[in-house]
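Open the model in your viewer and keep the selection panel at hand. The stops below go from the whole chain down to single residues.

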Amino acid sequence: MTSTHQKCIVSRRAMIQGAGAISLTGTSYLAAPSILYAADKIKIGFHSALTGLETLLGETQLNCFKMAVDEINSSGGIDGREIEYLVEDNQTTTRGAIDKTRKFIFEDNVDVIIGMITSLERTAALSVSAPAKQLLIYPTYYEGGECERYLACTGQIPNQSVDPFVPWITENVGKSVYILGSDYGWPQETAKAISTAFEINGGTTVGTEFFPFGVQDLGPAMDRIKASKPDVVWELFAGADALTFLKQYKSFEPGGFLLTNGLDELFTTAVDGANVEGIIVNQSYFSSLKSSANDKFLANYKNRFGQDKWVNAIAEATYIAVYLYSKSVEKAGSTDTEQVIDAMAGISFEAPQGPVSFEGSNNHLAVNSILGRCRNDGLYDIIENFGAITPTVAGCSLT
């Protein structure tokens with residue numbers, strides 16, 4: 001993502017192709033050695049937006065990253081090898097993403113890099129990691145289109161979020177849409193996917209606007225929405241700007257039913273419930289998913305990080321990313337980057353959000369597509385679950 005962007009829960013039995021079952025919440029690895037060899041550690045570099053526009057998302061992402069690592073280590077590590085991790089703050093900047101990626105690769109000699117929120121961070125990091133042939137796992141939902149052997153993505157892309165969502169909208173809500181968001185890649189490209197999907201489903205886009213980071217006055221835009229009389233308003237703002245939009249949208253009441261694929265519990269629990277109640281959101285994960293495994297996962301998370309804390313889709317996809325790497329190393333029998341990437345293809349398991357699988361032809365994850373209606377407390381009632389959807393990246397063939 002994205003950036004508000006937006007992907008930690010079910011812990012049924014996870015399957016590594018050709019291997020035994022494991023528990024995703026880290027309770028046990030069958031046949032895993034009980035002794036960790038400190039001299040032969042696996043090193044993961046994590047960098048994300050721990051300060052700056054996306055701090056709220058980056059901190060929760062880091063929590064789920066740490067939890068997954070600790071679960072794997074407490075269960076015997078990866079084939080008996082302990083995971084060691086390094087954490088850096090890229091400050092939600094392209095310069096930071098480049099510098100931290102370069103440090104991880106050329107100074108710290110990490111085996112893999114995981115993290116990041118915005119597409120700006122991903123693109124910047126990839127400009128360093130891909131030429132160096134270093135695997136980077138990006139867990140945030142984003143605009144799609146990446147086709148790169150050394151990049152693996154575990155968040156939603158438009159054919160998993162927008163494409164199943166829009167037919168539901170045109171059938172249940174309305175056929176005209178006004179799109180607003182931050183002025184960068186994720187909102188811009190996602191807006192194109194939204195407009196295309198509305199057109200395919202007999203709808204129309206009546207307005208599209210993008211705003212610089214840190215925008216404060218959205219009043220003129222609210223007037224334009226009111227004049228356009230759309231059935232639907234689709235917001236795509238990044239980080240703290242999403243909170244600004246939510247408050248002003250409620251204050252101005254310009255009309256149109258508000259929905260998005262870019263909000264989650266971290267945002268909607270951070271504002272007054274009156275500002276968000278009724279918004280419909282598509283994500284791959286919601287904390288309110290009902291299952292014994294999700295209950296267990298959330299209990300573990302809250303016990304560790306605070307009873308008032310919630311998990312969002314980006315953090316859950318980060319949790320998945322650590323397990324995906326772990327399983328790929330076990331399948332490959334090596335941390336060699338080329339072997340690990342080859343091993344990723346076809347891996348499937350029961351993740352917190354439900355079943356997921358890795359598509360080797362484009363290095364994206366088949367993730368779930370779920371609709372939630374926001375409640376007054378900022379959490380979501382599940383109203384539709386489209387299940388796991390195979391990722392589509394036009395023209396991409398990596399295998």
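This is a predicted model: local features need pLDDT of at least 70, side-chain atom pairs count only at pLDDT 80 or more; totals for chains, interfaces and linings use all residues.

To colour them, select 32-156 + 290-368 for domain 1 and 158-260 for domain 2. Where they touch, domain 1 supplies 14 residues and domain 2 supplies 13 residues.

Stay at this interface. About 1,100 Å² is buried between domain 1 and domain 2, and carbon and sulfur atoms give 66% of that area. Now pick L53, E143 and Q156 on the domain 1 side: these lose the most area to domain 2, together 51% of what that side buries.

Next, show the largest nonpolar core, which has 98 residues. Select L135, I137, L180, W234, F245 and Y325, the residues with the most contacts inside this core. Helix α10 (residues 313-332) gives the largest share, 11 residues. Domain 1 and domain 2 both contribute residues, so the core lies between them. In soluble globular proteins, nonpolar side chains tend to be buried together.

Another core, of 12 residues, lies apart from the largest one; A125, L126, L136 and L151 are among its members.

Go back to L180 and display its surroundings. Beyond four places in sequence, L180 touches E209, F211, A221, I225, V233, W234, E235, L236, F237 and F245.

Now select strand β8, residues 176-182. Is this strand enclosed or open? Seven of its seven residues are buried, so β8 is largely enclosed by the rest of the structure.

Strand β9 (residues 204-211) runs parallel to β8, with seven bridges between the two; G181 has F210 of β9 as its bridge partner. Strand β10 (residues 232-236) also pairs with β8 in the parallel sense, over five bridges, and here the bridge partner of I179 is W234. W234 is also one of the residues with the most contacts inside the largest nonpolar core. Show helix α5 (residues 185-200) as well: β8, α5 and β9 form a right-handed β-α-β unit.

For the last stop, select N363, in the loop between β14 (354-359) and β15 (364-374). Is N363 buried or exposed? Its relative accessibility is 4%, so N363 counts as buried, the cut-off being under 20%. Leaving out residues up to four places away in sequence, N363 touches E148, R149, L151, A152, C153, I341, F358 and L398.

Key
Residues are numbered from 1 along each chain as its sequence is written. Side-chain values use heavy atoms; hydrogens and water are left out. Helices (H or I, at least four residues) and strands (E, at least two) are DSSP runs, numbered from the N terminus. Buried means under 20% relative accessible area, exposed over 50%, partly exposed in between (1.4 Å probe, protein chains only). Contact means heavy atoms within 4.5 Å. A nonpolar core is a set of buried Ala, Val, Leu, Ile, Met, Phe, Trp, Tyr and Cys residues joined through side-chain atoms within 4.5 Å. Domain bounds come from an automatic or database domain assignment. Two strands pair if DSSP finds at least two bridges between them. A crossover is right-handed if, with the strands pointing away from the viewer, the path from the first strand over the helix to the second runs clockwise. Buried area is the accessible area (1.4 Å probe) that two parts lose on being put together, summed over both.
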